[in-house]
Amino acid sequence: MRHDYRTASVAPVVVLAWSMIGFAAANDRDGLFARVAQATETPTQYSAAGGPGARSEAAAIVFDHQDVQSILGRQVLSSAGEDMGRVIDIVVDRTGQVRAAVIDFGGFLGLGNRKVAIDWGALRFAPTGSKSDRITVELTRDQVRAATEYRDGRPLVVLGAADSLSSTQY
Amino acid sequence: MKPSPRSLRGLDWFVFFVADVLTGFGPFVAVYLTSQRWTQLDIGLVLTTGTLVALAGQVPAGALVDAAPSKRLAAGCAMVAIGASALALAAWPIFPVVQAAAVLQAAAACVLSPAIAAISLGLVGHAAMGERVGRNARFASLGVGLMAVAMGATGYFISNRAVFFVTAAFVIPALLALAVIREAEIDRDRAHGGINERIDGARPHRRASLGSLMRRRPLVTFAACAMLFQLANAAMLPLVASTVTTRSGQWATIVIAACIIVPQVMVAVVSPWVGRSGQRYGRRPLLLLGFAALPIRAILLAAVTDPYLLVAVQLLDGIAASVFGVMVPLIVADIARGTGRYNLSLGVVGMAGGIGASLSTTLAGYASDLFGTPVAFLGLAAIAAAGLALVWGLMPETRPGQP
């Protein structure tokens, strides 16, 4: 397998994850893949043209609004209920697999906040159908505060709970 | 003619509420927009545009205030504009609206600070200006301190959006305070530095041009001092705040809040003294004191890790900020005396300071990334020391009656 190193300088994250495409999805017990797979079973599937062979037409899936949520700007809490900041970005690897959520952590009135990447698998979402749309992370403020800051074009350091990291390569 | 106590009290409270309103537009805008699901790219674009307008607007805004027949009216219009942008920001957080609000706010803020200085000078005259700007600085810092607490509480207990409604609400008492100031007591010519009381009190035939202002050495030197001051100063608090976040997990928010509010209290306490001393002992000794506090603070910040000590070191921020806040309108009033271009000169110094401030955060950010935060603080200390040397070597005493 050959890597494109020019791209690697732009997105080292992707290359880090490149080597583990194989088990990325398999290891994703309750990450995005599992959620989508589960969700697609129940909702109505339809195609605008009606026929299964109509390849030029777009297919659409309908989710109940309680079953899905948008993630940008959403507040994240620690399991103890501490405010951990808001989701400001999502990081994916080359397969499109979601690796981490970037969270704007800490600070007061916009001073002292730091962007920290948290392992996608360490995030817990409120169960399907529940009214609450809170996101919790199995980390405390003390564990997150010293994390390396997230920056574009730098190696990504993803913070996760001890057992939630999908790979030791991070 | 002595101004009435009523006008002076009106000015006190106007300065107080203006500080409240301007604090609402600080770094908190980014926090608010993040909670409104804005991407970091758009937030950065809006903030950068605001900064550029704030930089480029200073000199034209100064010229505008010089030319305005009523400084009070100029200040009032600027307040209404800022109130409108706060409301727009809260009501429609969509890109074109927020972008326009940021530009409008930055432009109006450019008008406000020279307008306040002009009203002060027009009311009290050069002889009492030191005391007056000391008082202004006290009320401004009380306003900033109170607003920081109010914003923290509003954001925490209600919502980030509510903060901007609170900001807009403070425009009403600001306008009321402005209305209390008697227009007739503001000497129009004196308000833009038109009268040279030192010589004969005669009114000049025409105003000095920007070119002839820029050839005044004290003004250029002082603008350079302002740039170095902000270059050293502006990045310190953000750098402190970000170190505190990494060091003290649970208490970080409280410590950062203390690092913001403690210097404001300090400014409120010492500013009147700074203003009076500026009249009594001259501007230079105080300017040296303020510039000396800066490198000491930077070096201490590089060394100190204990949160209590950190907050104590921030007292030095209060001293430097107080000196700078008092000396800028005071020294520029000295220099621009008789030119009829007081506010334009303030704009020149303000722009120099603004350039320093925006370079400061960028430079300190790079330095702290590459070499670590302590080195970044030492770099800022070196810049501050250069500023101190500049004041020592080149900045003349500007107090009237001095050689």
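**Entry 1: the two domains of chain B**

I began with chain B, for which the domain assignment gives domain 1 (1–189) and domain 2 (207–398). I kept in mind throughout that this is a predicted model. Taken over C-alpha atoms, the centres of domain 1 and domain 2 of chain B are separated by 20 Å. I then looked up the contact, to which domain 1 of chain B gives 32 residues and domain 2 of chain B gives 34 residues. On the side of domain 1 that touches domain 2, I noted helix 3 (40–67), helix 5 (95–124) and helix 6 (129–157) of chain B as the elements that give two or more residues. Helix 6 of chain B gives the most to this side of domain 1, with 16 residues. Sorting the residues of that side of domain 1 by type, I found 18 nonpolar, 10 polar and four charged.

**Entry 2: helix 5 of chain B**

I stayed with helix 5 of chain B, which has 30 residues and reaches 44 Å from its first C-alpha to its last, close to the 44 Å expected at 1.5 Å a residue. Why is helix 5 of chain B largely enclosed by the rest of the structure? I put this down to burial, because 23 of the 30 residues of helix 5 of chain B are buried. After helix 5 of chain B comes Gly125(B), and I recorded a positive phi for this glycine, near 85 degrees.

**Entry 3: helix 13 of chain B**

Next I turned to helix 13 (residues 252–281) of chain B, which also has 30 residues. From first C-alpha to last, helix 13 reaches 41 Å, close to the 44 Å expected at 1.5 Å a residue. Where does helix 13 of chain B bend? I located the bend at Val270(B), where it amounts to about 40 degrees, and I noted that a proline, Pro272(B), follows within four residues.

**Entry 4: Pro295(B)**

I looked up a further proline, Pro295(B), which lies in helix 14 (residues 283–303) of chain B. Is Pro295(B) buried or exposed? I count Pro295(B) as buried, because 22 other C-beta atoms lie within 10 Å, and 20 or more are enough for that class. Leaving out residues up to four places away in sequence, I listed Ala381(B), Ala384(B), Ala385(B) and Leu388(B) as the residues that Pro295(B) touches. I also checked Pro295(B) against Ser345(B), which is 50 residues apart from it along the chain, and found their C-alpha atoms separated by 27 Å.

**Entry 5: chain A as a whole**

I then moved to chain A, whose secondary structure comes to five helices and nine strands. Among the contacts in chain A with a separation of 6 or more, residues 24 or more positions apart account for 46%.

**Entry 6: the sheet of chain A**

In chain A I traced an open sheet of seven strands, with the order 7-8-3-4-5-6-9 and mixed pairing. Strand 7 (123–125) and strand 9 (158–159) of chain A are the edge strands, each pairing on one side only. I followed strand 5 (residues 98–105) of chain A, which pairs with strand 4 of chain A in the antiparallel sense over six bridges. Within this pair, I found Asp89(A) bridged to Val102(A) and Val87(A) bridged to Ile103(A). The hairpin of strand 4 and strand 5 of chain A has five residues between the strands, and in it Gly96(A) takes a positive phi near 90 degrees.

Strand 5 of chain A also pairs in the antiparallel sense with strand 6 (residues 114–119) of chain A, over six bridges. I noted Val102(A) again here, as its bridge partner in strand 6 of chain A is Ala117(A). Seven of the eight residues of strand 5 of chain A are buried, so I describe this strand as largely enclosed by the rest of the structure.

**Entry 7: where the chains meet**

Last, I looked up the contact between the chains, which takes 19 residues from chain A and 27 residues from chain B. On the side of chain A that touches chain B, strand 4 (83–92) and helix 5 (141–144) of chain A each supply at least two residues. Strand 4 of chain A gives the largest share of that side, three residues. By type, I divided the residues of this side of chain A into six nonpolar, six polar and seven charged.

Key: Residues are numbered from 1 along each chain as its sequence is written. Chains are lettered from A and ligands numbered from 1 in the order in which they are written. This is a predicted model: local features need pLDDT of at least 70, side-chain atom pairs count only at pLDDT 80 or more; totals for chains, interfaces and linings use all residues. The expected span of a helix is 1.5 Å times one less than its number of residues. The bend at a residue is the angle between axes fitted to the seven residues ending there and the seven starting there. Domain bounds come from an automatic or database domain assignment. Two residues are in contact if their C-beta atoms, placed from the backbone, lie within 7 Å. Ala, Val, Leu, Ile, Met, Phe, Trp, Tyr, Cys and Pro count as nonpolar, Asp, Glu, Lys and Arg as charged, and the others, Gly among them, as polar. Two strands pair if DSSP finds at least two bridges between them. A residue is buried if 20 or more other C-beta atoms lie within 10 Å of its own, exposed if 12 or fewer, and partly exposed in between; C-beta atoms are placed from the backbone.
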